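Please look at the sequence and the model shown here before reading on. The report that comes after them goes through the arrangement of the chain step by step.

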Amino acid sequence: MALQTITWMSAFLCVAHVCSMPMPCQLQGQLVRITHNLLRDMGGNFPLECLQENVFMAFPATAFASSGAPQLGSSGAKAIYETLKNIDILFEADDLPTQWDQQKLKNFQNIVYRQIEESKCMMGSVDTSDYLIRTEGLNTYFGNIAAVLKEKNFSYCAWEVVRKELLYTLQFILEHNSDSLLWANRT
């Protein structure tokens with residue numbers, strides 16, 4: 001009986017120790033990919049009826065430019081973090097399209113929120129030399145996206161324009177900034 005109790009206590013302590021290990025303060029690449037895929041799949045292709053509503057928005061690629069070797073809390077990673085925060089703010093709106101797959105939309109919102117919450121620690125040491133320039137570009141970009149939504153009264157087509165822009169943004173991050181993300185078992 002004592003041996004069984006000791007065995008169970010040892011197993012419990014091992015699990016508690018492993019579960020309490022600190023997680024690295026870095027955005028998870030797989031979650032960014034899942035976020036992209038959910039956004040892509042929740043609404044399908046860009047609707048033909050929305051082509052007239054489509055507007056050009058200059059994408060701030062320089063906000064994600066690499067400034068050397070990838071490192072924990074780099075300015076590029078912080079730009080990705082700020083991007084997720086801006087996406088979260090856009091999707092706080094009450095009048096999201098009902099035409100989208102609501103379960104995928106909910107999962108998308110939850111994963112974006114999770115990434116933000118789990119990565120707040122990276123904002124502790126901000127290199128202000130280029131961080132402010134990066135965030136200025138991102139704030140302008142997301143300000144323009146929010147303005148389109150407001151100007152078009154949060155219509156379905158306005159949301160489709162937003163979705164198109166965010167898909168491009170997330171795809172750009174996955175293609176050009178994957179070194180700023182944490183990937184499990186990446187080969």
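## Overall make-up

This structure is a predicted model, and every value given below was computed from it. The secondary structure of the protein chain consists of six helices and zero strands, so that reading along the sequence gives the pattern α-α-α-α-α-α.

The protein chain has 187 residues, of which 42% count as buried. If we take the contacts between residues at least 6 apart in sequence, we find that 88% of them join residues at least 24 apart.

## Helix α2 against helix α6

Helix α2 covers residues 29-41 and helix α6 covers residues 156-176, and their axes come within 10 Å of each other while crossing at roughly 155°. Because angles over 145 degrees count as roughly antiparallel, α2 and α6 are described as roughly antiparallel to each other. The crossing in which α2 passes α6 is left-handed.

On the α2 side, the residues in this contact are G29, V32, R33, T35, H36, L39 and R40, and they meet R163, L166, L167, L170, Q171, I173 and L174 of α6. Sorted by class, the contact of α2 with α6 contains seven nonpolar, four polar and three charged residues.

## Helix α2 against helix α4

Helix α2 also packs with α4, and here the two axes come within 9 Å and cross at roughly 155°. With this angle, α2 and α4 are therefore roughly antiparallel to each other, and their crossing is left-handed. From α2 the contact draws on L31, V32, I34, T35, L38, L39 and D41, while α4 contributes K104, N107, F108, I111, V112, R114 and Q115. The classes in the contact of α2 with α4 are eight nonpolar, three polar and three charged residues.

N107 has its place in helix α4, and it counts as partly exposed because its relative accessibility is 30%. The C-alpha atom of N107 is separated by 9.5 Å from that of L39, although the two residues are 68 residues apart along the chain.

## Helix α3 against helix α4

Helix α3, which runs over residues 75-90, packs with helix α4, which runs over residues 102-118, at an angle of about 140° and with the axes 9 Å apart. That angle makes α3 oblique to α4, since the roughly antiparallel class is kept for angles over 145 degrees. The crossing of α3 and α4 is left-handed.

The residues that meet here are Y81, L84, K85, I87 and D88 in α3 and F108, V112, Y113, Q115 and I116 in α4. By class, the contact of α3 with α4 comprises seven nonpolar, one polar and two charged residues.

## The disulfide

How many disulfides does the structure hold? The structure holds one disulfide, and it is formed by C50 and C157, whose sulfur atoms lie 2.1 Å apart. The angle about the S-S bond is -75°, and with this value the link of C50 and C157 is left-handed.

The two cysteines belong to separate elements, with C50 in the loop between α2 and α3 and C157 in helix α6, so the pair ties together parts of the chain that are 107 residues apart in sequence. Both C50 and C157 are buried.

## Two residues with positive phi

Most residues other than glycine have a negative phi, and against this background two neighbouring entries in the sequence deserve a careful look. N153 has a phi near 55°, which is a positive value in a residue other than glycine. N153 lies in the loop between α5, which covers residues 128-151, and α6, and it counts as exposed because its relative accessibility is 63%.

F154 likewise has a positive phi, of about 55°, although it is not a glycine. F154 is placed in the loop between α5 and α6. Is F154 buried, partly exposed or exposed? Its relative accessibility is 31%, and F154 therefore counts as partly exposed.

Conventions
Residues are numbered from 1 along each chain as its sequence is written. This is a predicted model: local features need pLDDT of at least 70, side-chain atom pairs count only at pLDDT 80 or more; totals for chains, interfaces and linings use all residues. Side-chain values use heavy atoms; hydrogens and water are left out. Axes are lines fitted to C-alpha atoms, for helices over the stretch in contact, and angles run from 0 to 180 degrees between N-to-C directions. Helices (H or I, at least four residues) and strands (E, at least two) are DSSP runs, numbered from the N terminus. Angles under 35 degrees count as roughly parallel, over 145 as roughly antiparallel, 65 to 115 as roughly perpendicular and the rest as oblique. A crossing is left-handed if the near helix is turned anticlockwise from the far one by less than a right angle, and right-handed if clockwise. Contact means heavy atoms within 4.5 Å. Ala, Val, Leu, Ile, Met, Phe, Trp, Tyr, Cys and Pro count as nonpolar, Asp, Glu, Lys and Arg as charged, and the others, Gly among them, as polar. A disulfide is a pair of cysteine sulfur atoms within 2.5 Å. Buried means under 20% relative accessible area, exposed over 50%, partly exposed in between (1.4 Å probe, protein chains only).
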